[in-house]
Amino acid sequence: LERNLNLVLQVMEVTPHVVLCVNLMDEARKKHIQIDLDALRDQLKIPVVGAAARSGTGLEALMDAVEAACMQGADERYRPEYPVCIEQAIAHLMPWVQQHLQGGLDARWVCLKLLERDALLSAHICQATQMQLGGEDWQRAYQQAMAVLEQAHMHPQAMRDAMVEKLVRESERIYRSCVKTDRGYDRKDRRLDRLLTSRATG
């Protein structure tokens, strides 16, 4: 669950239309793993449904939650707060992006991707959202954002590393507050976490 929470947090940055399904609840009980679905729901501020797909338990509730999420997203969903310089840079770009954004992508996520300075990704975003990065207002906002990042020595790779580290730490925090496990099982699982979430393995 902790590894998947990392992915959930990333998806939540892109769209408000998110439902978290915690599958294998029957297996969790067999292994004495207690998952507090209400606590997960409160922390993430999105619909959370427990299920055991093999027996069909929870699937009807999941379909209802998905249908509701498609109609109305979780606008108050949890969002990680990144280092101050990144948040300040986002604030400089946000008014311009909100004014020009079309196509349904999340404005904050678009700001983050533009700040990462990946030319190919920025081009795809502009194509998908019909944004044109140009004009005095854009240049002013972008230069102000870049000045904040440069002053903090936050080059693109450092920014990506800081964001990944924040997501990993938040996933671990949420997991620990919502899940209680047998100590032996938890110890082995955490060794696997460290391997799979290391920089070497992505």
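Reader: In which helix is the place of lysine 113?

Author: Lysine 113 belongs to helix H6, residues 107-115. Helices here are DSSP runs of H or I with at least four residues, strands are runs of E with at least two, and both are numbered from the N terminus. This is a predicted model, in which local features need pLDDT of at least 70 and side-chain atom pairs count only at pLDDT 80 or more, while totals for chains, interfaces and linings use all residues. Residues are numbered from 1 along each chain as its sequence is written, and side-chain values use heavy atoms, with hydrogens and water left out.

Reader: Is lysine 113 buried or exposed?

Author: Lysine 113 is buried, at a relative accessible area of 14%. Buried means under 20% relative accessible area, exposed over 50%, and partly exposed in between, with a 1.4 Å probe and protein chains only.

Reader: What does lysine 113 touch?

Author: Not counting residues up to four places away in sequence, lysine 113 touches Asp118, Leu121, Ser122 and Ile125. Contact means heavy atoms within 4.5 Å.

Reader: Where does threonine 129 lie, then?

Author: Threonine 129 lies in helix H7, residues 119-129, and is buried at 1% relative accessibility. Its side chain reaches the backbone oxygen of isoleucine 125 at 2.7 Å. A polar contact is a pair of N or O atoms within 3.5 Å; within protein, one must be able to donate a hydrogen and the other to accept it, and residues adjacent in sequence count only if both atoms are side-chain atoms. Leaving aside neighbours within four places in sequence, threonine 129 is in contact with His100, Leu101, Gln102 and Leu105.

Reader: Turning to aromatics, how many aromatic pairs are there in the whole structure?

Author: A search finds two aromatic pairs. In one of them, tryptophan 96 and tryptophan 138 are tilted, at 4.8 Å centre to centre and 55° between the planes. Rings of Phe, Tyr and Trp (its six-membered ring) pair if their centres lie within 6.5 Å; planes under 30 degrees apart count as stacked, over 60 as edge-to-face and the rest as tilted.

Reader: Which parts does that pair of tryptophan 96 and tryptophan 138 tie together?

Author: Tryptophan 96 is in helix H5 (residues 84-100) and tryptophan 138 in helix H8 (residues 136-151), so the pair ties together parts that are 42 residues apart in sequence. Trp96, Trp138 and Tyr142 form one aromatic cluster.

Reader: Which residues have the most contacts inside the largest nonpolar core?

Author: They are Leu40, Leu44, Ile86 and Val97, in a core of 54 residues. Such a core is a set of buried Ala, Val, Leu, Ile, Met, Phe, Trp, Tyr and Cys residues joined through side-chain atoms within 4.5 Å. The largest share of this core, eight residues, comes from H5.

Reader: Which residues of helix H3 are buried?

Author: In H3, residues 37-44, the buried ones are Leu37, Ala39, Leu40 and Leu44. They cover an arc of only 160° around the axis, which puts them on the same side of H3. The arc is that of the directions from the helix axis to the C-beta atoms.

Reader: And what caps the N-terminal end of H3?

Author: Aspartate 36 does, with a side-chain oxygen 3.2 Å from the backbone nitrogen of aspartate 38. Just after H3, lysine 45 takes a positive phi of about 60°.
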